[in-house]
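Student: Could you show me how to read a protein model, one feature after another?

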Amino acid sequence: TIRMTLSGYTDLQSIIDAVNEGAVFKFLTKPWDDERLRDHVAKAFRHKEMADENRRLTSDLSQANSKLADVNQRLEHLLVRQKEQAQLVQTSAGGLREIVDQLPAALLGIDPEGTLVFMNQLACTLMPDAMGYLGGEPGGELATLLQRLASQPSAQACQTVRLAHCPTPVRVWRQTLSSPSAR
């Protein structure tokens with residue numbers, strides 16, 4: 001409630017007591033001016049509407065903050081789960097890398113753009129010069145070998161070749177991985 005006091009008393013202490021004890025919005029004295037009284041009543045209504053709007057906005061803000069806190073907590077939980085999954089994938093990938101490194105076959109990984117992205121241990125041993133092309137386009141003996149394999153249909157992409165650093169002929173073949181995640 002917005003309180004206004006209209007009094008015939010003009011004693012300063014009675015005005016102070018009315019304001020302090022009654023939470024008075026305006027203290028008016030007699031005789032009053034009708035126009036000023038209307039103006040004060042209109043201001044009192046605006047003050048009340050603003051106080052109500054502030055309470056509503058404060059309540060809405062509190063509810064929004066509560067919802068945001070819930071969403072934040074769920075996101076933190078999801079982030080922890082994603083970190084755990086990423087760590088598991090990383091651990092698995094490290095284990096797979098070790099297995100691939102120990103295979104008795106030389107493996108090379110070349111992405112769709114032609115960049116050499118992977119060589120296992122045996123490939124590094126058989127083609128030590130090719131290690132310089134990791135992260136780039138293969139060159140030298142490796143580029144020649146890949147061109148020969150690429151010129152053949154997939155079903156016939158197997159050849160016996162001699163490598164510069166290998167005393168015996170080796171069989172090489174090409175396999176294109178069709179899965180987008182394998183690229």
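Tutor: We shall go from the whole chain to a single residue. This is a predicted model, in which local features need pLDDT of at least 70 and side-chain atom pairs count only at pLDDT 80 or more, while totals for chains, interfaces and linings use all residues. Residues are numbered from 1 along each chain as its sequence is written, and side-chain values use heavy atoms, with hydrogens and water left out.

Student: How many helices and strands does the protein have?

Tutor: Helices (H or I, at least four residues) and strands (E, at least two) are DSSP runs, numbered from the N terminus. Here there are 4 helices and 6 strands, and from the N terminus on they follow the order β-α-β-α-β-β-α-α-β-β.

Student: What is the radius of gyration of the protein?

Tutor: This radius is taken over C-alpha atoms, and the globule rule is 2.2 Å times the number of residues to the power 0.38. For a compact globule of 183 residues the value would be near 16 Å, but the protein has 42 Å. Along the principal axes, its C-alpha trace spans about 120 × 30 × 30 Å.

Student: Why does isoleucine 15 count as partly exposed?

Tutor: Buried means under 20% relative accessible area, exposed over 50%, and partly exposed in between (1.4 Å probe, protein chains only). Isoleucine 15 counts as partly exposed because its relative accessibility is 21%, whereas buried residues make up 16% of the 183 residues in the protein.

Student: Where is isoleucine 15 found, and which residues does it touch?

Tutor: Isoleucine 15 lies in helix H1, residues 12-22. Leaving aside residues up to four places away in sequence, isoleucine 15 is in contact (heavy atoms within 4.5 Å) with Thr10 and Phe27.
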